[in-house]
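Let's take a walk through this structure together, one piece at a time. Have the sequence and the 3D view handy as you read.

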Amino acid sequence: MKNLSEVLSSLMSEKGLSSSELARQTGVAQPIIYRLTKGDTTNPQIFTLKPIADFFDISLDQLIGAKPLRARRPLNDKAIHLLNG
């Protein structure tokens, strides 16, 4: 099972994002994102993790490594409506 720093680093790499770009996209301060990716933060707050999980469209459990990334969150009604046109 992966941990938060591994999952976050992998997601950022997958999307080609730096910590400063992720900070701009999520509103989470860049030093916090940097510490999360390095594993320096052992007990991050929910209001720090939620915008990151939302940005990557994953659950908090997936972000912290408790569930695999393969099991993406199900589409909500808005997403289904957009896909159906």
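Predicted model: local features only at pLDDT ≥ 70, side-chain atom pairs only at ≥ 80, totals over all residues.

Let's step back for a moment to see the whole chain. It has 6 helices and 0 strands, so if you go along from the N terminus, the elements simply read α-α-α-α-α-α. Of its 85 residues, 32% count as buried. As for contacts between residues with a separation of 6 or more, 47% of them involve residues 24 or more positions apart.

Back to α2, and to how it meets α4. The axes of these two helices come within 10 Å and cross at roughly 95°. That angle falls between 65 and 115 degrees, and α2 and α4 are therefore roughly perpendicular to each other. From α2, the contact is made by Leu22, Gln25 and Thr26, while α4 brings in Pro51, Ile52, Phe55 and Phe56. Sorted by class, the contact of α2 with α4 has 5 nonpolar residues, 2 polar ones and no charged ones.

Now zoom in on Thr26, a residue of helix α2, which covers residues 19–26. Is Thr26 buried or exposed? Its relative accessibility is 15%, and since buried means under 20%, Thr26 counts as buried. Its side chain has polar partners on the backbone. The Thr26 side chain reaches the backbone oxygen of Leu22 at 2.8 Å, and a polar atom of that side chain lies 3.2 Å from the backbone nitrogen of Val28. If you set aside its neighbours within four places in sequence, Thr26 is in contact with Ile33, Pro51, Ile52 and Phe55. Just after α2 comes Gly27, with a positive phi of about 85°.

Next up is helix α3, made of residues 30–38, in which Ile33, Leu36 and Thr37 are buried. These residues cover an arc of only 95° around the axis, which puts them on the same side of α3. And what covers the buried residues of α3? The cover includes α1 (4–15), α2 and α4 (46–56). After α3 you'll come to Gly39, whose phi is positive, near 80°.

Ile32, Ile33 and Leu36 of α3 make the contact, together with Thr48, Leu49 and Ile52 of α4. By class, this contact of α3 with α4 has 5 nonpolar residues, 1 polar residue and no charged ones.

Over to helix α1, where you'll find Lys15. Leaving aside its neighbours within four places in sequence, Lys15 is in contact with Phe55 and Phe56. How far apart are Lys15 and Phe56 in sequence and in space? They are 41 residues apart in sequence and 9.3 Å apart in space, going from C-alpha to C-alpha.

Most residues other than glycine have a negative phi. Asp57, though, has a positive phi, near 55°. With a relative accessible area of 42%, Asp57 is partly exposed.

Our last stop is Gln62, which is found in helix α5, residues 60–63. Gln62 has a relative accessible area of 1%, so this residue is buried. A polar atom of the Gln62 side chain lies 2.8 Å from the backbone nitrogen of Ser59, and the side chain of Gln62 reaches the backbone oxygen of Leu69 at 3.4 Å.

How values were computed. Residues numbered from 1 in each chain as written. Heavy atoms only, no water. Helix = DSSP H or I, 4+ residues; strand = E, 2+ residues; numbered from the N terminus. Buried < 20%, exposed > 50% of the residue type's maximum accessible area, 1.4 Å probe, protein only. Polar contact = N/O pair within 3.5 Å; in protein donor to acceptor, adjacent residues only side chain to side chain. Contact = heavy atoms within 4.5 Å. Arc of directions from axis to C-beta. Nonpolar A, V, L, I, M, F, W, Y, C, P; charged D, E, K, R; others polar. Axes fitted to C-alpha atoms, helices over the stretch in contact; angles between N-to-C directions. Parallel < 35°, antiparallel > 145°, perpendicular 65-115°, else oblique.
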